[in-house]
Amino acid sequence: MRFIADLHIHSRFSRATSTDLDPERLSLWARKKGITVVGTGDCTHPAWIRELQEKLVEAEEGLYMLKPELEAAVVRDIPPSCRRPSRFLLSCEISCIYKRGGRTRKIHHLILMPDFDAAIRFNNALDRIGNIKSDGRPILGLDSRDLLETALEASDRVFFIPAHIWTPWFSLFGSKSGFDEIEECFGDLKDHIHALETGLSSDPPMNRLLSAIDRYILVSNSDAHSPSKLGREANIFDTELNYGS
(Lines give C-alpha, C1' and ligand atoms only; values in the text may rest on other atoms or scores of the structure.)
Protein backbone atom coordinates (compact mmCIF):
# COMPACT_ATOMS: atom_id res chain seq x y z
CA MET A 1 0.00 0.00 0.00
CA ARG A 2 1.34 3.43 -0.93
CA PHE A 3 0.48 6.24 1.48
CA ILE A 4 1.64 9.55 2.95
CA ALA A 5 2.59 9.99 6.63
CA ASP A 6 3.24 13.19 8.59
CA LEU A 7 4.66 12.04 11.91
CA HIS A 8 5.92 15.21 13.62
CA ILE A 9 3.16 17.56 14.75
CA HIS A 10 1.91 19.16 17.96
CA SER A 11 -1.28 19.27 19.99
CA ARG A 12 -2.97 22.29 21.53
CA PHE A 13 -1.04 21.52 24.73
CA SER A 14 2.22 22.78 23.20
CA ARG A 15 3.17 26.43 23.41
CA ALA A 16 2.25 28.69 20.47
CA THR A 17 -0.17 26.21 18.90
CA SER A 18 -3.75 26.40 17.69
CA THR A 19 -6.64 25.55 19.99
CA ASP A 20 -8.07 23.62 17.01
CA LEU A 21 -5.53 20.82 17.49
CA ASP A 22 -7.77 17.99 18.61
CA PRO A 23 -8.06 14.44 17.18
CA GLU A 24 -11.21 15.21 15.20
CA ARG A 25 -9.81 18.21 13.34
CA LEU A 26 -6.46 16.53 12.81
CA SER A 27 -8.26 13.62 11.18
CA LEU A 28 -10.36 15.97 9.07
CA TRP A 29 -7.37 17.94 7.76
CA ALA A 30 -5.30 14.81 7.23
CA ARG A 31 -8.05 13.49 4.94
CA LYS A 32 -8.28 16.83 3.12
CA LYS A 33 -4.51 16.73 2.50
CA GLY A 34 -4.42 13.06 1.48
CA ILE A 35 -2.40 12.03 4.55
CA THR A 36 -3.15 8.50 5.73
CA VAL A 37 -1.01 8.41 8.91
CA VAL A 38 -0.54 11.43 11.15
CA GLY A 39 1.50 11.55 14.35
CA THR A 40 -0.44 12.47 17.46
CA GLY A 41 2.32 14.74 18.74
CA ASP A 42 2.75 15.48 22.43
CA CYS A 43 1.93 11.99 23.73
CA THR A 44 4.03 12.79 26.82
CA HIS A 45 1.44 15.34 27.99
CA PRO A 46 -0.93 13.76 30.57
CA ALA A 47 -4.08 15.57 29.42
CA TRP A 48 -3.43 14.90 25.73
CA ILE A 49 -2.71 11.21 26.12
CA ARG A 50 -5.90 10.85 28.19
CA GLU A 51 -7.86 12.51 25.40
CA LEU A 52 -6.25 10.23 22.84
CA GLN A 53 -7.18 7.17 24.89
CA GLU A 54 -10.75 8.42 25.18
CA LYS A 55 -11.21 9.19 21.47
CA LEU A 56 -9.11 6.58 19.62
CA VAL A 57 -9.31 2.83 19.11
CA GLU A 58 -6.68 0.57 17.60
CA ALA A 59 -7.25 -0.05 13.90
CA GLU A 60 -4.11 -1.89 12.79
CA GLU A 61 -1.19 -2.95 14.99
CA GLY A 62 0.17 0.25 16.54
CA LEU A 63 -2.10 2.54 14.50
CA TYR A 64 -5.27 4.16 15.82
CA MET A 65 -8.45 5.67 14.41
CA LEU A 66 -11.25 7.79 15.79
CA LYS A 67 -14.03 5.94 17.59
CA PRO A 68 -16.92 5.18 15.22
CA GLU A 69 -19.21 7.99 16.38
CA LEU A 70 -16.43 10.58 16.06
CA GLU A 71 -15.32 9.13 12.73
CA ALA A 72 -18.84 9.44 11.36
CA ALA A 73 -19.08 13.11 12.35
CA VAL A 74 -15.74 13.91 10.65
CA VAL A 75 -16.63 12.08 7.44
CA ARG A 76 -19.89 14.05 7.15
CA ASP A 77 -17.89 17.29 6.93
CA ILE A 78 -15.61 16.37 4.01
CA PRO A 79 -16.17 15.75 0.28
CA PRO A 80 -16.61 12.12 -0.85
CA SER A 81 -13.22 12.24 -2.63
CA CYS A 82 -11.50 12.79 0.76
CA ARG A 83 -13.19 9.93 2.60
CA ARG A 84 -10.11 7.74 2.79
CA PRO A 85 -8.62 5.92 5.82
CA SER A 86 -7.16 8.14 8.54
CA ARG A 87 -4.82 6.75 11.17
CA PHE A 88 -2.87 8.08 14.15
CA LEU A 89 0.56 6.97 15.36
CA LEU A 90 1.66 7.91 18.88
CA SER A 91 4.47 10.46 18.72
CA CYS A 92 6.13 13.20 20.73
CA GLU A 93 8.94 15.72 20.58
CA ILE A 94 11.30 16.23 23.51
CA SER A 95 13.58 19.23 24.02
CA CYS A 96 16.84 18.32 25.75
CA ILE A 97 18.93 21.13 27.24
CA TYR A 98 22.11 20.00 28.99
CA LYS A 99 25.85 20.57 29.40
CA ARG A 100 28.31 18.35 27.56
CA GLY A 101 31.98 19.00 26.80
CA GLY A 102 31.88 22.45 28.37
CA ARG A 103 29.03 23.60 26.11
CA THR A 104 25.28 23.91 26.52
CA ARG A 105 23.49 21.56 24.12
CA LYS A 106 19.93 22.20 22.97
CA ILE A 107 18.51 19.37 20.88
CA HIS A 108 15.00 18.25 19.89
CA HIS A 109 14.09 14.61 19.26
CA LEU A 110 11.07 13.00 17.60
CA ILE A 111 10.00 9.73 19.24
CA LEU A 112 7.47 7.26 17.81
CA MET A 113 5.72 4.88 20.20
CA PRO A 114 4.32 1.42 19.30
CA ASP A 115 1.32 1.55 21.67
CA PHE A 116 -0.24 3.29 24.65
CA ASP A 117 1.40 0.96 27.17
CA ALA A 118 4.86 1.94 25.96
CA ALA A 119 3.94 5.62 25.91
CA ILE A 120 2.68 5.49 29.50
CA ARG A 121 5.83 3.69 30.69
CA PHE A 122 7.91 6.36 28.97
CA ASN A 123 5.84 9.16 30.51
CA ASN A 124 6.16 7.69 33.99
CA ALA A 125 9.94 7.59 33.61
CA LEU A 126 10.10 11.19 32.33
CA ASP A 127 7.79 12.39 35.10
CA ARG A 128 10.45 11.32 37.61
CA ILE A 129 13.07 13.32 35.71
CA GLY A 130 11.37 16.62 34.93
CA ASN A 131 8.15 18.52 34.24
CA ILE A 132 6.04 16.94 31.49
CA LYS A 133 2.79 18.67 32.47
CA SER A 134 3.41 22.32 31.52
CA ASP A 135 4.18 21.88 27.81
CA GLY A 136 3.28 19.33 25.16
CA ARG A 137 6.91 19.47 24.05
CA PRO A 138 8.61 19.10 27.44
CA ILE A 139 11.98 20.67 28.15
CA LEU A 140 14.22 18.31 30.10
CA GLY A 141 17.75 18.66 31.43
CA LEU A 142 18.50 15.22 30.06
CA ASP A 143 21.40 14.17 27.86
CA SER A 144 20.26 12.96 24.41
CA ARG A 145 21.98 9.63 24.97
CA ASP A 146 20.13 9.16 28.26
CA LEU A 147 16.79 10.13 26.69
CA LEU A 148 17.34 7.46 24.05
CA GLU A 149 18.11 4.92 26.76
CA THR A 150 14.94 5.89 28.66
CA ALA A 151 12.86 5.49 25.50
CA LEU A 152 14.35 2.05 24.76
CA GLU A 153 13.62 0.96 28.32
CA ALA A 154 9.95 1.83 27.72
CA SER A 155 9.96 -0.38 24.59
CA ASP A 156 12.60 -1.80 22.28
CA ARG A 157 10.20 -0.97 19.42
CA VAL A 158 10.45 2.77 19.99
CA PHE A 159 11.70 4.67 16.93
CA PHE A 160 13.95 7.59 17.91
CA ILE A 161 14.67 10.31 15.33
CA PRO A 162 16.82 13.41 15.89
CA ALA A 163 14.51 16.25 14.82
CA HIS A 164 15.12 18.94 12.14
CA ILE A 165 18.86 18.22 12.27
CA TRP A 166 20.07 21.42 10.52
CA THR A 167 18.20 24.04 12.52
CA PRO A 168 20.92 26.28 14.09
CA TRP A 169 19.39 25.97 17.55
CA PHE A 170 17.75 22.86 18.98
CA SER A 171 19.13 20.23 16.62
CA LEU A 172 21.73 17.47 16.37
CA PHE A 173 23.92 19.31 13.84
CA GLY A 174 22.87 22.81 14.94
CA SER A 175 25.71 25.30 14.59
CA LYS A 176 24.75 27.02 17.86
CA SER A 177 24.29 24.13 20.25
CA GLY A 178 24.57 20.75 18.53
CA PHE A 179 27.26 18.21 17.72
CA ASP A 180 29.45 17.56 14.69
CA GLU A 181 28.90 13.79 14.72
CA ILE A 182 26.03 11.46 15.57
CA GLU A 183 28.43 9.26 17.53
CA GLU A 184 29.42 12.22 19.71
CA CYS A 185 25.78 12.81 20.62
CA PHE A 186 24.61 9.24 21.32
CA GLY A 187 27.82 7.40 22.24
CA ASP A 188 27.35 3.69 22.83
CA LEU A 189 23.69 3.84 21.73
CA LYS A 190 24.39 5.33 18.29
CA ASP A 191 23.36 2.12 16.52
CA HIS A 192 19.78 2.65 17.71
CA ILE A 193 19.49 5.71 15.46
CA HIS A 194 18.18 4.69 12.03
CA ALA A 195 16.62 7.88 10.65
CA LEU A 196 17.21 11.63 10.68
CA GLU A 197 14.61 14.33 10.21
CA THR A 198 15.84 16.95 7.73
CA GLY A 199 13.08 19.40 8.57
CA LEU A 200 11.92 22.50 6.74
CA SER A 201 15.41 24.04 6.57
CA SER A 202 17.00 21.64 4.07
CA ASP A 203 16.23 19.34 1.15
CA PRO A 204 17.35 15.80 0.16
CA PRO A 205 19.99 16.86 -2.42
CA MET A 206 21.62 19.13 0.18
CA ASN A 207 21.64 16.38 2.78
CA ARG A 208 23.13 13.84 0.40
CA LEU A 209 26.25 15.98 0.04
CA LEU A 210 27.29 14.76 3.50
CA SER A 211 28.50 11.14 3.30
CA ALA A 212 28.39 10.76 7.11
CA ILE A 213 24.59 10.44 6.97
CA ASP A 214 24.40 8.11 3.95
CA ARG A 215 23.46 5.14 6.14
CA TYR A 216 20.40 6.87 7.60
CA ILE A 217 16.87 7.11 6.27
CA LEU A 218 15.98 10.76 5.71
CA VAL A 219 12.50 11.86 6.75
CA SER A 220 10.75 15.18 6.96
CA ASN A 221 7.49 16.26 8.53
CA SER A 222 5.35 19.36 8.90
CA ASP A 223 6.02 20.12 12.61
CA ALA A 224 2.50 21.54 12.33
CA HIS A 225 1.24 23.94 14.99
CA SER A 226 -2.26 24.04 13.46
CA PRO A 227 -4.30 21.43 11.57
CA SER A 228 -4.19 23.29 8.26
CA LYS A 229 -0.36 23.10 8.24
CA LEU A 230 -0.35 19.30 8.06
CA GLY A 231 1.58 17.88 5.13
CA ARG A 232 3.70 20.90 4.22
CA GLU A 233 6.43 18.26 4.35
CA ALA A 234 5.72 14.55 4.70
CA ASN A 235 6.91 11.04 3.85
CA ILE A 236 5.80 8.49 1.24
CA PHE A 237 5.57 4.89 2.46
CA ASP A 238 5.07 1.83 0.28
CA THR A 239 4.35 -0.88 2.81
CA GLU A 240 1.61 -2.49 4.88
CA LEU A 241 -0.42 -0.18 7.08
CA ASN A 242 0.81 -0.98 10.61
CA TYR A 243 3.44 0.29 13.05
CA GLY A 244 5.90 -2.53 12.45
CA SER A 245 5.96 -2.07 8.69
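These are my notebook entries on the fold, packing and surface of one predicted chain.

**Overall form.** I began with the secondary structure and found 7 helices and 12 strands in the chain. Next I looked up the radius of gyration, which is 17 Å. The globule rule gives 18 Å for 245 residues, so the chain is as compact as a globular protein of that length. Along the principal axes, the C-alpha atoms fill a box of roughly 55 × 40 × 30 Å.

**Contacts and burial.** I took the contacts between residues at least 6 apart in sequence; 70% of them join residues at least 24 apart. Of the 245 residues, 52% count as buried.

**Main core.** How many residues does the largest nonpolar core have? I noted 54, and the residues with the most contacts inside this core are I94, I111, M113, F122 and L147. Elements giving two or more residues to this core include α1 (23-33), β6 (91-100), β7 (103-112) and α5 (144-154). The largest share, 5 residues, comes from α4.

**I111.** I then listed what I111 touches, leaving out residues up to four places away in sequence. Its partners are L90, S91, C92, I94, F122, L147, V158, F159 and F160.

**Second core.** I also found a separate core of 13 residues. Among them are L63, L112, A195 and Y243.

**Surface and charge.** The chain exposes about 10,800 Å², and I noted that carbon and sulfur atoms supply 51% of that area. Last, I checked the charges: 31 are positive and 36 negative. Their mean positions lie 5 Å apart.

Definitions and conventions:
Residues are numbered from 1 along each chain as its sequence is written. This is a predicted model: local features need pLDDT of at least 70, side-chain atom pairs count only at pLDDT 80 or more; totals for chains, interfaces and linings use all residues. Side-chain values use heavy atoms; hydrogens and water are left out. A nonpolar core is a set of buried Ala, Val, Leu, Ile, Met, Phe, Trp, Tyr and Cys residues joined through side-chain atoms within 4.5 Å. Buried means under 20% relative accessible area, exposed over 50%, partly exposed in between (1.4 Å probe, protein chains only). Helices (H or I, at least four residues) and strands (E, at least two) are DSSP runs, numbered from the N terminus. Contact means heavy atoms within 4.5 Å. The radius of gyration is taken over C-alpha atoms; the globule rule is 2.2 Å times the number of residues to the power 0.38. Accessible areas come from the Shrake-Rupley method with a 1.4 Å probe; for residues, only the protein chains shown count as cover. Lys and Arg count as positive and Asp and Glu as negative; His and the chain ends are not counted. The place of a charge is taken as NZ of Lys, CZ of Arg, CG of Asp or CD of Glu.
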